[in-house]
Each structure stands twice: as C-alpha cells, then as structure tokens.
Amino acid sequence: MKTPETKPPPSLAPTAPARRSGLSARVAEELRRAILSGVVPIGGKLPSEAALTASHGVSRTVVREAIAQLRADGLVEPRQGAGVFVTAIAAGPPKPFQSVDPMRLSSAIELLELRSAVEIEAAGLAALRRSPAQDEAIFEHCAVIERLIRDGAPTVEADFALHLTIADATNNMRFREFLEMLGEKAIPRRAVQRSESGEETPSDYLRQIQAEHRAIADAISRQEDEAAREAMRIHLKGGQMRYRKLLRKALDPTYQTSC
C-alpha cells in the first residue's frame, strides 16, 4: 500500500511580508532617485508595471507597493488606463509610516508592537496626572464606542479618539503627537473587516475590545498607574495575539486558531 505523502510543517513565513516590504522600499528608493535626478522628469511617465517587474526582478505586488509609497510622498500620480506619471521632484523626505498598509495583518502586528512600547507608559502617566475633566472625557469616549457597537456602526474613528484622549490625560503632548502621526491606521481592525462598506467585525470581538477599554478607563479613574499599565498591556498584547493567529491562519489554512 502506498504510504501517503507527509506534508512538511508550515514555515513560519511571517518573514515573507517583511521581506516584501524591504524589496518595495528598495524599488521605491531607486525610482525616487530617478525622479529627483531628472531621469524621469515632471510630467514623464514611469515604465510600465511589467517593465519595472522585469528590470528590478521583483513581483508585481512589490512594484505596486513601491508606487504606493511614491504616491504617498506626492511624487507620482497613477492615471486610469494611461500609467503612472511624475508630478513633483521636491516632495522632501518620505513621511514616517507612509508604507504601513492597514489591510495587511503583518502591518497591524508591527503597529501594535510599536504602540505597546508607548501607550502602556501613557496609560500609567494618565492615571497619575489626569484631571477630573480628562477622566470624564475618557468615560465619555467609552460611552460613544458602546453606543456605536449597539447600533452596529463602525467604531474605528471612536476607538482612535479614545486612545487620543488617554494620551491627552498624560499632559505630555508628545503622546498625542505620536498617535496622530500614525493616524487611524493605528487601529488595525481594517485588516479583518471591509470598513469601506461599513461592515464591522463581529460584535463579540468588539465587546471584548470594549471590555479592555473599560478596564483601562477604570484604572486611570482610580489613579492606579500600575493597574492602568497592565490594562493597556492586556489590551495591546491581546490585539497582537489575535492578529498573529489570523496571520498564521492566512499563511496556513489548516492552522487551528484555538491552538
């Protein structure tokens, strides 16, 4: 009897998205140099996607991500059916976090890791420094999110506003500036939902997120800084775990999310 083939264990391919991101950054930099040096002048057309794929030895996905970076920098503009054209040569250095794709699970994990390094301490400082008005504002934002969940409406904007309000309660404006630099992509639910159509993630998931928000708000209100740090840690680390499971499932459909 023929012995069934044993499939090799799935590779921990989370390095693949990171590798692709590095390739797209390299292609974007080479195209940027060509634009800034005048090789492709203002009004000029970039080589076709197929030509760039061949000349740089990368996939079409990498080329598209590179073009998206240049577009975010204000250097190029895609035109339907015509190609990609240079619109500027002095857009300045690339803005931070422009290459973050909120639809990619790997980007969601990267942002949550970064936010953990900042927002855990922000929660502790907010507990120590918050004013009565700031305390009230945090609970008001929690109430807004709960109302949106109840109504089945998208919550990304309100979620981001809550985290900004907690940052404000540190009374150190650099925390708000950091989150504003990230923008709403700091709330990575778009990676598991089609936000443009208004479809929200399952209500059970949102209620879990909201319970974590409430724990953070309660600890800040009680002015318990270590409890506030721990509540924020649970919130952001829990998010990382959820997205890592989703990423593994995307890479290996046989992966069981319960493991």
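Predicted model: local features only at pLDDT ≥ 70, side-chain atom pairs only at ≥ 80, totals over all residues.
1. **Asp168.** Setting aside neighbours within four places in sequence, Asp168 is in contact with Gln134 and Arg176. Asp168 lies in helix H6. Asp168 and Ala137 are 31 residues apart in sequence, yet their C-alpha atoms are 10.0 Å apart in space.

2. **Overall layout.** The protein chain holds nine helices and two strands. Read from the N terminus, the order is α-α-α-β-β-α-α-α-α-α-α. The chain has 259 residues, and 41% of them count as buried. Consider the contacts with a separation of 6 or more: residues 24 or more positions apart account for 70% of them.

3. **Main core.** Which residues have the most contacts inside the largest nonpolar core? They are Ile138, Ile166, Ile220, Met232 and Tyr243, in a core of 28 residues. Five helices each supply at least two residues of this core: H4 (105-129), H5 (132-151), H6 (156-168), H8 (203-221) and H9 (225-251). H4 gives the largest share, eight residues.

4. Another core lies apart from the largest one. This other core has 18 residues, including Val40, Leu52, Val62 and Val63.

5. **Met232.** This residue is among those with the most contacts inside the largest core. What does Met232 touch beyond its neighbours within four places in sequence? Its partners are Glu119, Ile120, Ala123, His163, Ile166 and Ile216. Ile166 is itself on the list of residues with the most contacts in that core.

6. **Arg229.** Arg229 is found in helix H9. Is Arg229 buried or exposed? Arg229 is buried, because its relative accessible area is 11% and the limit is under 20%. Not counting residues up to four places away in sequence, Arg229 touches Ile120, Glu121, Ala123, Gly124 and Leu125. With Glu121 there is also a side-chain to side-chain polar contact of 3.0 Å. Arg229 and Ala122 are 107 residues apart along the chain, but 7.8 Å separates their C-alpha atoms.

7. **His56.** His56 lies in helix H2, which covers residues 49-56. His56 counts as buried because its relative accessibility is 17%, and burial requires under 20%. Its side chain makes a polar contact with the side chain of Glu30, at 2.9 Å. Leaving out neighbours within four places in sequence, the residues in contact with His56 are Arg26, Val27, Glu30 and Leu31.

8. **Strand pair.** Strand E1 (residues 76-79) and strand E2 (residues 83-86) run antiparallel, and four bridges join them. Which residue of E2 is the bridge partner of Pro78? That partner is Val84. Glu77 stands opposite Phe85 in E2.

9. **Hairpin turn.** Three residues lie between the strands in the hairpin of E1 and E2. Gly81 in this hairpin takes a positive phi near 75 degrees.

10. How many aromatic pairs does the structure hold? The number is zero.

11. Most residues other than glycine have a negative phi. Two loop residues deserve a look here. Asn171 is not a glycine, yet has a positive phi of about 60 degrees. Asn171 lies in the loop between H6 and helix H7 (173-182). Gln223 also is not a glycine and has a positive phi of about 60 degrees. Where is Gln223 found? Gln223 is in the loop between H8 and H9. Gln223 counts as partly exposed because its relative accessibility is 41%, and exposed would need over 50%.

Technical notes
Residues numbered from 1 in each chain as written. Heavy atoms only, no water. Core = buried A, V, L, I, M, F, W, Y, C linked by side-chain atoms within 4.5 Å. Buried < 20%, exposed > 50% of the residue type's maximum accessible area, 1.4 Å probe, protein only. Contact = heavy atoms within 4.5 Å. Pairing = 2+ DSSP bridges. Phe/Tyr/Trp six-rings, centres within 6.5 Å; stacked < 30°, edge-to-face > 60°. Polar contact = N/O pair within 3.5 Å; in protein donor to acceptor, adjacent residues only side chain to side chain.
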